[in-house]
Amino acid sequence: MQRRDWTDIIGGSLLLIFGLWFLWHAQNHYNLGELRRMGPGAFPAGLGLLNALFGLLILVPAFFRKGEMPVPAIRPLLAIIAGGLSFAFLIEPAGLVPATVALVFVVALAEQKQRWLRTAILAAALSVMAVLVFTKGLGIPVPAFRWWSY
Amino acid sequence: MTISRRALLGTTLGAPFAATLPPLASPALGQSQWPARPVRVIVPWPPGGSTDVLARLVAEQLSQKLGQPFVIENRPGAGGNIGHDQIAKSTPDGYTMGPVTVGGWSINQYLYARLPYDPEKDISPISMHWELPNVLAVPTAHVPATNLQDFITWAKTKQGGVNYGSPGVGTTPHLSGSMFINRLGIEGVHVPFRGAAQTIPALLGGDITFALDNLASYVPIIASGQMRALAVTSAERWPTLPDVPTMAEAGVPDFVVTSWCAMAFPAGVPSAITQRAAAAIKEVSETQAMQERFLRTGARALYGTPEQAAERAARERPMWREVVRISGARLE
Amino acid sequence: MEVLGMLGMGFATALTPENLFYCFLGVFLGTFIGVLPGIGALATISMLLPLTFHVPATTAIIMLAGIYYGASYGGSTASILLNLPGTPSAAVACLDGYPMAKQGRAGVALFMTTIASFVGASLGIVILTLFAPKLSEVALSFGPADYFAMMLLGLVAAATLAQGSPAKGIAMVLFGLCLGMVGTDVQTGQQRFTFDVPYLSDGVSLVAIAMGIFGVAEVIGSIGRVTNAEVAAQKITMRSMMPTKADWKASWKPMLRGTGVGSFFGALPGAGGTIASFMSYAVEKKVAKDPSRFGKGAIEGITAPESANNAAAQTAFIPTLTLGIPGDSVMALMLGALIIQGIQPGPRLMTEYPELFWGLIASFWLGNIMLLILNIPLIGLWVRMLRIPYSILYPAILLFICIGVFSINNSYFDVLVVMAFGVLGYVMIKLKFEPAPLLLGFILGPLMEEHLRRAMLLSRGDLAVFYERPISASFLGVTAILLLWAIYASIRGVSAASRLRAQAKAAEG
């Protein structure tokens, strides 16, 4: 237990900053227009202002109550995101099977203990399943392997 | 019942058998082997739209005719530009093609501040694919006019001006609507919607006065009498609305604005392949069944040579540049 | 009476062996793709479109419709089991369904959603049959100002979706509205918040956001924290899957309310099932005696939205069949299928093709019964899936998310978006923000802005339209009452809480 509610202090501040940035961006880049013909900036500017306001509303009271300090789990976060990215960047140039294998191996790093054999079996099984269900079964235009370039 | 099930099986099993049919063109050319593997058909619009449905109609026929699957891939976004760019940047080996609409050939270069591809250099037409006109539709309950001239007179005197709907900024309905009120000196406000499904209720509810929109979505509502068609923008009367005059017949000459689409390869595909593809498209599109099927969706199935399509794209560019300028539309 | 005779003819059409076969094929495929994340009815129907050229029109549309409502049936399964909304409208099922699954009540949750789907769909059909012309008139009388007022009401109601502080709930709605601004402005064509990325020009993909903030975030949060030992330890017997008497008692009213809400929203062109299910969740929370149970496995939290969603899937046919305009893109595709068959959908469909119209209606009924029979035996299978060790399950979940999202637009960029929203969703979990209000804000944001600006464009800048139009005025009135009530309730809540604290202190002392 902390002396202040850090969860809401962080959350409120992030919203406040985001809201102000949104308002600033909308005002500076898009035309606000007038009521008769509202410009593309009017609605976002209003939203940004309200966002900042509610950020403040969450932030201020949090200074006056006890709370927790949020602690993120970095390892699973990084591993899962990296797995998704490797899939995204392999699916078009290399095809479904390489993307699947890469995803399975990378996301397996999220766990403390590595069991390579099991991961390999899982990658193989999921590759077969993915090709059967998605490419063959549902006819999604992603080949198992992309042999030719485009 | 049994007949139709057999017909169904016929299509799913049809493709392998079709491979044994005699080839279309002379086998002497090396490229006459085309297609030797599946062909990707990149549709720059989401599934379900008319561009998608019409491409699927042709792709299915081509698969049967040429014995290789023509696989549709939808790459929607940015007014078709994402898909157009994908076609332009693919390997020019004849295994990637796609339907490119008039926007992609002749309008977007004037509308968008930047285009990722050059419509004159990066894509090359195979053959015309379809065209469909716009129709000037007004809600019967809210607009008294029964012909175009009455409507123009009525609109000019309407307090506060008229409102016209379109499926978005820079679409042919928007540009032709803008051209219409400018040409005739009508005071009007453009109200963009997200498609005819939104525009039609707004017309029926009396929120907007008229739309010069793609004809296809309006045929049933016109037939029901809830809307009145005052003119079509094609050069001749349209087969599914034979009683509706053309713009010229209704007293507004020089107002031929149709949406059209041509199949495209990336630039650099060997000419023999392009010729063969154009011949195949002609062969599947000229059949009675296909012509009727297209007409029912509101479009006319077209075919022809690559040169004809290129000529039309080039011919219409000055007109669209002018219309875009008048409308004041500018996209990023 | 006439209706009954027509319906009899409809059943005669729908009960032919061929139509039954295609109806089954449709609902089976629909359930299957509904369970798979990302793969929607839209993609499946467009792939099957060429197939339908070779069967009679009625048969074709019966099959395509089966896919459509089958998918909305299957969508909630992945939500309940894995916190993975198979379809956007199933995101609401995550809110209470996933907590139920964690408590070992996945079987009950799945069973009740199946029943609720059936109830919603069946009653939706009755409403469709009896009130189609009336409802389409109501839909037509909605102008831009009315839509805006209705959505404002929706957003205020959505603030109640959050479990914790209302301020955080509203903040998430607003944040969602901001995210909805990304893309091309419909009114001017201006690119907003796209930063020159062409993939963003049509906005952020709804499915990608839903998958990211629910699915991916949950996986990140779960690794190392949960083992599914607790779930696996429970025996799966038929008894444990069966809802208790209390579950039934708590569910029947919400199902009826959900059906009502869903039928209404389904009939409005462009509103659809997702908004319907969110709204009915908000309604349930408002009428509940103890709203704090929501989000922790309240059975009404899954049954009402599920009924709403499925009722909306039925009444969404109203604008399609009576006006010939599609309620959503799936409808547009089905219209396309009809048109290709040479049938003009529209006001005259009912009289010109009675056997098609009533055959379709009858097939909805039969299809829903098939779904019921198909899904109850599957429940045992789904629940057993939870016994798979998490270290094997989570790579599979992520893979399905990635493939599913990729397949929507064939775009690797959407996979990146899912991952970005996975990070955001994880940050939100850590900071105790709720994902559901964000999603609703995201859906409603662009619609609200469009309707507001369109209303102003048409009224030439006169704000009076909002209180001069009766529909808009009544929505705004209800919104005001809700707001006042919320303020009153929070004041009362604060004083009640301080009273409780005082009592607790007194007890300690």
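B:Asp254 is placed in the loop that runs between β8 (227–232) and β9 (258–266) of chain B, where helices (H or I, at least four residues) and strands (E, at least two) are DSSP runs numbered from the N terminus. The model is predicted, so that local features need pLDDT of at least 70 and side-chain atom pairs count only at pLDDT 80 or more, whereas totals for chains, interfaces and linings use all residues. Residues are numbered from 1 along each chain as its sequence is written, chains are lettered from A and ligands numbered from 1 in the order in which they are written, and side-chain values use heavy atoms, with hydrogens and water left out.

Most residues other than glycine have a negative phi, and most peptide bonds are trans. Against this background, B:Asp254, although not a glycine, has a positive phi of about 65°, and its side is exposed in the sense that B:Asp254 has a relative accessible area of 68%; buried means under 20% relative accessible area, exposed over 50%, and partly exposed in between, with a 1.4 Å probe and protein chains only. C:Phe195, likewise not a glycine, has a positive phi of about 50°; C:Phe195 belongs to the loop between β2 (191–192) and α9 of chain C and is partly exposed, at a relative accessible area of 49%. In chain B, a cis peptide bond with omega of about -5° links B:Trp34 to B:Pro35, and B:Pro35 is found in the loop between α1 (2–18) and β1 (39–43).

Neighbours within four places in sequence being left aside, B:Thr199 is in contact (heavy atoms within 4.5 Å) with B:Gly165, B:Ser166, B:Phe193, B:Ile208, B:Ala211, B:Asp213 and B:Tyr218.

For chain A, the unreviewed UniProt entry lists residues 6–24, 45–64, 76–109 and 121–140 under "transmembrane region"; positions are in the numbering used here, feature names are shortened, and annotations may be inferred rather than shown by experiment. Residues 45–64 are 90% helix and 0% strand, with end C-alpha atoms 30 Å apart, while residues 76–109 are 94% helix and 0% strand, with end C-alpha atoms 8 Å apart.

Helix α3 (residues 74–94) and helix α4 (residues 96–108) of chain A pack at an angle of about 170°, with their axes 8 Å apart; axes are lines fitted to C-alpha atoms, for helices over the stretch in contact, and angles run from 0 to 180 degrees between N-to-C directions. The two helices are therefore roughly antiparallel, given that angles under 35 degrees count as roughly parallel, over 145 as roughly antiparallel, 65 to 115 as roughly perpendicular and the rest as oblique. The residues of this contact comprise 14 nonpolar, four polar and no charged, where Ala, Val, Leu, Ile, Met, Phe, Trp, Tyr, Cys and Pro count as nonpolar, Asp, Glu, Lys and Arg as charged, and the others, Gly among them, as polar.

Helix α3 of chain A also packs against helix α9 (residues 206–222) of chain C, at an angle of about 140° and with axes 8 Å apart, which makes α3(A) oblique to α9(C). A:Pro76, A:Leu77, A:Ile80 and A:Ile81 there meet C:Val216, C:Val219 and C:Ile220, and the contact residues divide into seven nonpolar, no polar and no charged.
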